[in-house]
Amino acid sequence: MNTEEDIIIFTLVYKNEAYQVQTSRNQYHTLMTLISDYLALPGFGLCCGMRSCGTCIVEICKKRTAIKKSTLSCDVQVNDELANTIIFIAAVVY
Ligand code: FES
């Protein structure tokens with residue numbers, strides 16, 4: 001059973017739609033897997049986390065700053081660093 005301390009909350013944004021995500025700390029290993037499960041975007045994460053396709057790029061923005069960090073979501077662990085962030089998913093082109 002999850003307690004409030006086990007829950008991480010953040011926002012995914014895809015094509016100007018915002019999705020509030022609530023997950024437990026150990027539910028997903030990478031952000032790419034979580035996004036695939038939540039949004040099932042065709043063409044997203046084509047190499048299944050091998051860091052070779054570049055289709056899983058996201059921009060992570062801390063709510064209190066305007067600084068965005070662009071990164072491969074398959075290279076991001078789902079942990080406390082994602083709490084209260086806004087994660088922008090690039091439109092997938094394939
Ligand atoms: S899933 Fe291919 S680079 Fe991340």
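Visitor: Before we look at the sheet, what counts as two strands pairing?

Guide: Two strands pair if DSSP finds at least two bridges between them. Keep in mind that this is a predicted model.

Visitor: With that in hand, in what order do the strands of the sheet run?

Guide: The order is 2-1-5-3-4, with five strands forming an open sheet of mixed pairing. Strand 2 (17-24) and strand 4 (68-72) are at the edges; each has a single partner strand, so one side of each lacks a neighbour in the sheet. On average, neighbouring strands are turned by 30° against each other, direction ignored.

Visitor: How do I read the sense of a pairing?

Guide: Strands of a sheet pair through backbone hydrogen bonds, and the sense is either parallel or antiparallel. Here strand 1 (residues 7-14) pairs with strand 5 (residues 85-89) in the parallel sense, over four bridges. Within strand 5, I86 is opposite T11, and F88 is opposite V13. With strand 2, strand 1 pairs in the antiparallel sense over eight bridges.

Visitor: Which residue of strand 2 is the bridge partner of I8?

Guide: That is T23. Follow the chain to the hairpin of strand 1 and strand 2: two residues lie between the strands, and K15 takes a positive phi near 50° there.

Visitor: And which strands does helix 1 lie across?

Guide: Helix 1 (residues 31-39) lies across strand 1, strand 2, strand 3 (57-62) and strand 5. Relative to strand 1, helix 1 runs at about 65°.

Notes:
Residues are numbered from 1 along each chain as its sequence is written. This is a predicted model: local features need pLDDT of at least 70, side-chain atom pairs count only at pLDDT 80 or more; totals for chains, interfaces and linings use all residues. Axes are lines fitted to C-alpha atoms, for helices over the stretch in contact, and angles run from 0 to 180 degrees between N-to-C directions. Two residues are in contact if their C-beta atoms, placed from the backbone, lie within 7 Å.
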